[in-house]
Amino acid sequence: MTMAATDADVVYNMTKAMVELFNEYKDGAPGNVGWDIKRQIFTWAIPFHDGSIKYFRELKLWTDEHQKQNEALVARQKIMMDAWTAYKSKAPSDDKEFAQGWMKA
């Protein structure tokens, strides 16, 4: 199952827990500081899930600009997935040819 297929309520509650319980787990591993809500970049390279967006809106952190960026990323992701599906069915087995062909696709 992909994250996009995950129920919005599940993702909303996961996001809420990660934000609200941050102080309880932040010192558990070196990379945990990245989960701090103050460090989040909402115009990122991959789209956010609708469940997370719902929670970020409640916190008044999600803007119209973020939404526009996210919608563009969702559209790009669909284009990439469609291209991947079409390419992998006829892709060469040689690694170099495969990489070169994928870049063209």
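**Pocket lining and nonpolar core**

Helix α1 supplies the largest share of the lining of the largest pocket, five residues. The model is predicted, so local features need pLDDT of at least 70, side-chain atom pairs count only at pLDDT 80 or more, and totals for chains, interfaces and linings use all residues. Residues are numbered from 1 along each chain as its sequence is written, and side-chain values use heavy atoms, with hydrogens and water left out.

At least two lining residues come from each of α1, α3 and α4 (64-88). Helices are DSSP runs (H or I, at least four residues), numbered from the N terminus. The pocket has a volume of about 920 Å³. A pocket is an open set of points on a 1 Å grid over the protein atoms alone, where a 1.4 Å probe fits, with protein on both sides within 12 Å along at least five of seven lines; lining residues have an atom within 4 Å of a point. The volume is the space filled by probe spheres set on the points. In total, 26 residues line the pocket. Met3, Pro47, Phe48, His49 and Ser52 lie nearest its centre.

The largest nonpolar core has eight residues: Tyr12, Val19, Phe42, Phe48, Ile53, Tyr55, Phe56 and Trp62. Such a core joins buried Ala, Val, Leu, Ile, Met, Phe, Trp, Tyr and Cys residues through side-chain atoms within 4.5 Å; buried means under 20% relative accessible area (1.4 Å probe, protein chains only). Helix α3 (50-58) gives the largest share of this core, three residues. Beyond neighbours within four places in sequence, Phe56 is in contact with Thr15, Ile37, Phe42, Phe48, Leu61 and Trp62. Contact means heavy atoms within 4.5 Å.

Key. Buried < 20%, exposed > 50% of the residue type's maximum accessible area, 1.4 Å probe, protein only.
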